[in-house]
Amino acid sequence: MGTAGARFMVAKQVAASAGLYIEEGDTRLALDPGPGAVVAYAARRVDLTTLDAIVVSHRHLDHAGDVNVMVEAMTDGGFAHRGLLFCPSDALDEDPVVLKYLRRFPREIVRLAPQTTYSVNGLSFTTSALHVHQVETYGFRFGDRLGWITDTAYYDGIAEQHRADVMLIHTILLHCMPHLPHLCVDDAERIIREARPKIAFLTHYGMAVWRANPDEIAAALSQRTGVDVRAARDGMTIEV
Ligand SMILES: [Zn+2]
């Protein structure tokens, strides 16, 4: 639904900040609905009243900006008591990003825990260890098929915990910055070398990555690692 990461890309909507959408059989998940997500879903004619769950990796705006309107949409304005919301505890507690009045709309709000497997209508996913980020953040693995590395600094075990045939890597930084807890292109390379997925997609670009051309960065990574690395783009569909 969108490939923008961090403040400048999101504020200017250089790319969409609408997160990911997963469909398997009758199961539908919206992941990280950032600002504009509801617009992106409407543009692609996804009926949000059929969503089974909304999953928020962490409480930052580029991941949760539209979580409230998405909960309302999933629950048909709160009239249908249905669907699940998964989010870290700090999205609900102090300075919450999930508004209190709509917390009774979903069937359940699940507080994510590290390295735990959840099942939604037959589709299972497992959280990573706690990411290294400013707020409580998790990555996700959908069996051996899909690994989704959300915002974090590099840490030991990150490749193993997200290893899957297809891996999505939030590559915000062009160059590593030790004071910023985000993955840079070199981190992405290290993860790809360790995990060796069948295919890796870079996404969630910061402005410097965007200006450097994600397609060229991905091509260079493919060359260096021997793994098929590609740059995600808004609206891209992947069959896993
Ligand atoms: Zn982010």
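Against which helices and strands do the buried residues of H8 pack?

1. The model under discussion is predicted. In it, the buried residues of helix H8 pack against helix H6 (185-195), strand E11 (199-203), helix H7 (207-212) and strand E12 (228-231).

2. Helix H8 covers residues 214-225, 12 residues in all, and extends 16 Å from its first C-alpha to its last, close to the 16 Å expected at 1.5 Å a residue. Its buried residues are Pro-214, Ile-217, Ala-218, Leu-221 and Thr-225. Viewed down the axis of H8, these buried residues fall within an arc of 95°, so they line one face of the helix. An α-helix has 3.6 residues a turn, so residues three or four places apart point the same way. The face of H8 turned away from the buried side carries Asp-215, Glu-216 and Gln-223, which are exposed.

3. Both ends of H8 deserve a remark. After the helix comes Gly-226, whose phi is positive, near 75°.

4. The zinc ion has as its protein donors Asp-62 (OD), His-63 (NE2), Asp-151 (OD) and His-204 (NE2), at 2.0 to 2.3 Å. Along the chain, these donors follow the spacing D-H-x87-D-x52-H. Distant parts of the chain are linked here: Asp-62 belongs to helix H3 (residues 61-64), while His-204 sits in the loop between E11 and H7, 142 residues apart from it. The angles among the 4 donor atoms run from 84 to 159°, and the site is irregular.

5. His-63 lies in helix H3 and, at 1% relative accessibility, counts as buried. Its side chain forms a polar contact of 2.6 Å with the side chain of Asp-32. A further side-chain polar contact, at 2.9 Å, joins His-63 to Asp-151, and both of these residues are donors of the zinc ion. Neighbours within four places in sequence aside, the residues in contact with His-63 include Pro-33, Gly-34, Val-56, Ser-57, His-58, His-170 and His-204.

6. Phe-105 is placed in the loop between strand E4 (84-87) and strand E5 (108-111). At 7% relative accessibility, Phe-105 counts as buried. Phe-105 and Val-71 are separated by 34 residues in sequence, yet their C-alpha atoms are 7.5 Å apart. Beyond its neighbours within four places in sequence, Phe-105 is in contact with Val-71, Glu-72, Thr-75, Gly-77, Gly-78, Ala-80, His-81 and Arg-82.

7. Thr-50 occupies the loop between helix H2 (37-43) and strand E3 (53-55). With a relative accessible area of 26%, Thr-50 is partly exposed. Its side chain reaches the backbone oxygen of Asp-47 at 2.7 Å. Residues up to four places away in sequence not being counted, Thr-50 touches Arg-28 and Arg-82. Thr-50 and Met-74 are 24 residues apart in sequence, and 6.7 Å separates them in space, C-alpha to C-alpha.

Conventions
Residues numbered from 1 in each chain as written. Predicted model: local features only at pLDDT ≥ 70, side-chain atom pairs only at ≥ 80, totals over all residues. Heavy atoms only, no water. Helix = DSSP H or I, 4+ residues; strand = E, 2+ residues; numbered from the N terminus. Expected span 1.5 Å × (residues − 1). Buried < 20%, exposed > 50% of the residue type's maximum accessible area, 1.4 Å probe, protein only. Arc of directions from axis to C-beta. Contact = heavy atoms within 4.5 Å. Donors = N, O, S within 2.8 Å, 3.2 Å for Na, K, Ca; no water. Tetrahedral: all angles 85-135°; square planar, octahedral: opposite > 155°, others 65-115°. Polar contact = N/O pair within 3.5 Å; in protein donor to acceptor, adjacent residues only side chain to side chain.
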